[in-house]
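This report describes selected features of one structure in plain terms. Please keep the sequence and the three-dimensional view at hand while reading.

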Amino acid sequence: MAEQKLLVKREGDFHYPIYFENDFSALAQAVREEGFSGRKICIVTDSHVAPLYYEAVENALKEVSSEVFSFIFEAGEKNKNLNTVQGLYQTLIEHEMDRKGLLVALGGGVVGDLTGFGAATYLRGIDFIQVPTTLLAQVDSSVGGKTGVDFLQYKNMVGAFHQPRLVYMNMSTLHTLPEREFACGMGEILKTGLICDGEFFRFVCRNETPIHAQDLEILSRMIRRCCEIKAGVVERDPKEQGERALLNLGHTVGHAVEKLKDFQLLHGQCVGVGLIAAAFLSMSRELLTAEEYEEIRKGCDSFHLPLTVDSLHAEDVLAATKKDKKMEAGHIKFILMDGIGKSFIDKTITDEELLRAIQEILV
Ligand SMILES: NC(=O)c1ccc[n+]([C@@H]2O[C@H](COP(=O)([O-])OP(=O)(O)OC[C@H]3O[C@@H](n4cnc5c(N)ncnc54)[C@H](O)[C@@H]3O)[C@@H](O)[C@H]2O)c1
Ligand SMILES: [Zn+2]
């Protein structure tokens with residue numbers, strides 16, 4: 001089942017395609033269609049993904065490339081840093097990669113963000129394509145053009161906007177993804193529905209069983225719709241001056257929890273509890289009914305996202321929330337829901353309101 005590709009606006013009249021496939025058999029043709037035949041290619045991937053998928057991707061790309069080589073780094077967020085980027089630059093220089101070279105990000109969001117940043121900066125910018133292999137990368141990080149690495153203790157502190165030239169998803173790679181990582185992607189998917197498509201949120205919740213069974217037909221519909229929504233938001237506001245901020249629903253409290261838990265909980269799990277806090281705040285302002293609040297909790301629960309976190313103090317979470325970079329003139333930019341599938345940016349949330357919502361997610 002080869003799904004039709006989705007076209008995403010890059011700049012001006014330029015678009016890039018997103019492919020939704022169940023194997024790598026159409027990768028070479030996709031690269032050819034974008035005019036990349038005969039280029040030197042560096043596949044960037046990590047130590048978990050390389051043994052699973054490197055060979056298949058290399059074989060596919062050899063059909064269309066003059067030379068394919070690899071840069072493989074140790075998996076994990078702790079390696080999404082400038083040292084790894086330096087290693088990448090070095091490998092590219094050793095292989096005499098010029099401005100016509102192409103980078104291929106094969107992996108999750110860590111590989112995608114780092115490769116995109118390498119591509120944005122090497123020789124002042126070369127082309128790259130995304131081959132995302134985690135659910136989070138497929139629905140979130142591979143679409144939108146944000147690239148970057150962590151610096152000191154700060155996440156995504158150094159980066160650039162650099163759009164990929166092609167995104168190629170082989171959704172069957174999700175079969176090898178650990179369950180906890182799959183749940184993370186579900187956190188972002190539920191978030192996307194809650195922002196602007198209540199019907200999509202309910203479609204996902206209704207299909208809990210086939211999604212858990214990784215039915216490729218349902219996964220493909222879900223991932224595609226999610227990409228469509230994110231791409232639409234990004235197209236209208238590429239540099240996050242307005243609407244794109246809605247994608248931060250659940251992230252204000254989520255980031256605070258992520259930081260205070262010292263990154264023991266995964267990002268999507270923190271977004272899950274962040275969504276509950278945002279839903280509670282919205283209910284307190286009578287924007288959501290008690291039933292809708294319960295529906296959101298149930299949705300998160302059925303996809304194995306935590307509803308609460310332990311061993312944290314509400315005041316610490318509040319303080320960390322206020323330190324998040326999403327502040328404007330001393331006010332927290334908070335995303336609230338106005339019913340399921342509607343959201344807006346609010347700058348009037350008081351500390352007391354936020355504290356009550358934080359208490360709701362702490363045990
Ligand atoms: N650029 C953006 O817009 C954006 C958006 C959201 C998140 N992010 C970034 O994405 C990163 C998180 O991405 P992630 O959740 O994909 O994490 P990740 O890249 O660390 O992948 C999670 C784990 O799964 C492994 N893995 C990947 N694919 C696999 C597969 N198919 N089978 C088995 N194991 C596999 C990886 O090696 C890793 O151990 C963070 O750094 C975050 O900042 C970026
Ligand atoms: Zn996120």
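H10 passes H13 in a right-handed crossing. The residues that make this contact are Thr252, Val253, Ala256, Val257 and Leu260 on the side of H10, and Asp316, Val317, Ala320 and Thr321 on the side of H13. Sorted by class, the contact of H10 with H13 has six nonpolar, two polar and one charged residues. The model discussed here is predicted.

How are H10 and H13 oriented to each other? The axes of H10 and helix H13, which covers residues 314-323, cross at roughly 115° and come within 8 Å. Angles of 65 to 115 degrees count as roughly perpendicular, and H10 and H13 are therefore roughly perpendicular to each other.

The contact of H10 with H11 divides by class into six nonpolar, five polar and one charged residues. The axes of H10 and H11 cross at roughly 130°, and the two helices are therefore oblique to each other.

H11 and H14 make a right-handed crossing as well. H11 contributes Val273, Ile276, Ala277, Phe280 and Leu281, while H14 contributes Glu353, Leu354, Arg356, Ala357, Glu360 and Ile361. By class, the contact of H11 with H14 has eight nonpolar, no polar and three charged residues. With axes that cross at roughly 130°, H11 and H14 are therefore oblique to each other.

| Helix pair | Axes come within | Crossing angle |
|---|---|---|
| H10 and H13 | 8 Å | roughly 115° |
| H10 and H11 | 7 Å | roughly 130° |
| H11 and H14 | 9 Å | roughly 130° |

The next topic is the metal site. Which residues coordinate the zinc ion (ligand 2)? The zinc ion (ligand 2) is held by Glu188 through OE, by His251 through NE2 and by His267 through NE2, at 2.0 to 2.1 Å. Along the chain, the donors of this zinc ion (ligand 2) follow the spacing E-x62-H-x15-H. His251 lies in helix H10 (residues 251-260) and His267 lies in helix H11 (residues 267-284), so the pair ties together parts that are 16 residues apart in sequence.

His267 has a relative accessibility of 22% and counts as partly exposed.

Lys230 has a relative accessibility of 9% and counts as buried. With neighbours within four places in sequence left aside, Lys230 is in contact with Val139, Asp140, Val143, Arg244 and Leu247. How far apart are Lys230 and Asn59? Lys230 and Asn59 are separated by 171 residues in sequence and by 31 Å in space, from C-alpha to C-alpha.

How values were computed: Residues are numbered from 1 along each chain as its sequence is written. Chains are lettered from A and ligands numbered from 1 in the order in which they are written. This is a predicted model: local features need pLDDT of at least 70, side-chain atom pairs count only at pLDDT 80 or more; totals for chains, interfaces and linings use all residues. Side-chain values use heavy atoms; hydrogens and water are left out. Donors are N, O and S atoms within 2.8 Å of the metal (3.2 Å for Na, K and Ca); water is not among the atoms, so sites may look incomplete. Helices (H or I, at least four residues) and strands (E, at least two) are DSSP runs, numbered from the N terminus. Buried means under 20% relative accessible area, exposed over 50%, partly exposed in between (1.4 Å probe, protein chains only). Axes are lines fitted to C-alpha atoms, for helices over the stretch in contact, and angles run from 0 to 180 degrees between N-to-C directions. Angles under 35 degrees count as roughly parallel, over 145 as roughly antiparallel, 65 to 115 as roughly perpendicular and the rest as oblique. A crossing is left-handed if the near helix is turned anticlockwise from the far one by less than a right angle, and right-handed if clockwise. Contact means heavy atoms within 4.5 Å. Ala, Val, Leu, Ile, Met, Phe, Trp, Tyr, Cys and Pro count as nonpolar, Asp, Glu, Lys and Arg as charged, and the others, Gly among them, as polar.
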